[in-house]
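Here's a quick briefing on a few spots worth a look. Have the viewer open as you read.

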Amino acid sequence: MRQRQSSAVSSLANTRRTQNPIPTKSQQEEKEGPQFDLLASPKNVYIFCLAFRIVNALLVQTYFNPDEHWQALEVAHRITFGFGHLTWEWKKGIRSYLHPLLFAFLYKVLALLGLDTPWFMVKAPRLFQSLFSAFGDLYLYKLSVILFGDQVAKWALFSQLTNWFMFFCLTRTLSNSLETVLTIVSLYYWPCIRPSSSKLPLESRKWGLLIAALACAIRPTSAIIWLYVGLLELFVSRDKLRFIFLEVAPIGVLVLGLTFLIDRLMYGSWVLVPLNFLRFNFLSSGGDYYGTHKWHWYFTQGFSVMVFSFLPFSIAGIMQSKQWKLSGLIAWVLVLYSVLGHKEFRFVLPVLPIALIFSGYSLTALKTSVSGNGQRNKSADYHNKFSAKMLLAIFFLLATNIPMALYMSLVHQRGTEDVTYYLSNEVVEGKVTDILFLMPCHATPYYSTVHRNLPMRFLDCTPSEEKGIPDESDQFMMDPVGFASEFAKNWSLPSHIVLFDSEEKKLRDFLVSHSFKEIQRFFHAHFKVDRDLQASVVVYALTGS
């Protein structure tokens, strides 16, 4: 199978030499002679990307979105070790166990090897995700080779690895990260995405369908992407009935059927997760409970911030390459997600690599001096590898993305990760018996990091059936002192209380009056995000604990 695909790739590259104004690797070698190429084979590309993503995973030490912990690792921890909190989404059956089971497997391996220590419990999940992320990088490279040739593929990979948001997000344990990887891998196998001259074995489309179905099983909203690709394939396909009845239907039934069986086993009853997910997020606008944005947010802020300084290069690449099918997918996803009130950066993560492929195209055009009529200038010197414009572009991209990636991954909002890691070590030493998190709900990791079955409590934020009724988290943020005073009437005195400094200032007298003292403070952020500045996370311990 792989040999047949490789021959198809080579054949395509040969046919496109005269069409593509950007020189291929073989053309350049004719001018320069043989040289060592780090990306000479798919295996080399994967090893290089894996090494990069492992370092990437180790450098990601900040808190981004609660779902990374509460919808993946917390659930996996409960499956493997028997304790862990299930949020209201699992009680309503709008989440599939397919994604958490991957990390349950990881936890089981760690437990068998005796490696479920605080450090491994924090680092291993993201290192595990880096295995998948590297596959996403590899297939972005392979897809770029198919579409535009070797040179564009190298600069597309450069764009992928240096984009700040991909660095910040792709090794996190969000279902969106795995969805992004599956999207890129699947696109590689779809005939409608490839140039018309590309020849593919019949099995290729089936692989694309299978991987797309897995993406939908993990995140039902991925169907937005595959509706576009499926309709495009239906339009260009000569065997439409075969595509619908012998490929889409059986593969879809197979994957969704297996997913239903897994969820039946884990939930203990038949649960139609895609239907429940659709009902809550689309039919009842349940996602709006967590906030809404203007319709244009993805265009003016969300996706633009994700692409960041690559944006002008991506737009230039779209215009220069005239690959409207692929650029149309970006537009399709942004438009449809804009209809929904609740918007998040991670929702459109799967199309960010596509934008970065186009950035790679325009960067290669700078290197090879493509003229306005689409032909490479004959005076271009292959030995002069980088033009002044190219060097300036590279410097600009690195100077803007590297500081951003490192700041967001190492500095911004790290306190909530640091505090739970600190508590996990204190638990091992027997210094912690129970913990109360007096902060907005899901602001920290939970049992998946603390990794001890001790009493813990956080403020609930389950959506109310009746609109306008504030949850515990909202009540606390509106009146920290009043809420804490009322809460203390019925509490079992915890050994430790964790809270943000913005509320700690208001509750300091209350805490001292109940025999608590500050024992640790962790830096969290330099600027506010969606609330007042939460500059640090503070740990108070009961006197004598």
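Patches here are built from residues with over 30% relative accessible area and no salt bridge, joining like charges within 9 Å and nonpolar side chains (Val, Leu, Ile, Met, Phe, Trp, Tyr) within 5 Å. A salt bridge puts a side-chain nitrogen of Lys or Arg within 4 Å of a carboxyl oxygen of Asp or Glu, and accessible areas are Shrake-Rupley values with a 1.4 Å probe, with only the protein chains shown counting as cover for residues. This is a predicted model, where local features need pLDDT of at least 70, side-chain atom pairs count only at pLDDT 80 or more, and totals for chains, interfaces and linings use all residues. Numbering runs from 1 along each chain as its sequence is written, and side-chain values use heavy atoms, leaving out hydrogens and water.

**Nonpolar patch**
- Leu272, Leu275, Leu278, Phe282 and Leu283 make a nonpolar surface patch of about 450 Å².
- Leu283 is exposed at 66% relative accessibility (exposed is over 50%, buried under 20%, partly exposed in between; 1.4 Å probe, protein chains only).

**Glu179**
- Glu179 belongs to helix α10 (residues 175–189) and is buried, at 1% relative accessible area.
- Leaving out residues up to four places away in sequence, Glu179 touches Arg219, Ser222, Ile225 and Pro350 (contact: heavy atoms within 4.5 Å).

**Helix α19**
- Buried residues of α19 include Met390, Ile394, Leu397 and Asn401.
- The buried residues of α19 pack against α3 (42–59), α8 (150–162), α9 (164–169), α16 (311–321) and α18 (352–367).

Terms used: Helices (H or I, at least four residues) and strands (E, at least two) are DSSP runs, numbered from the N terminus.
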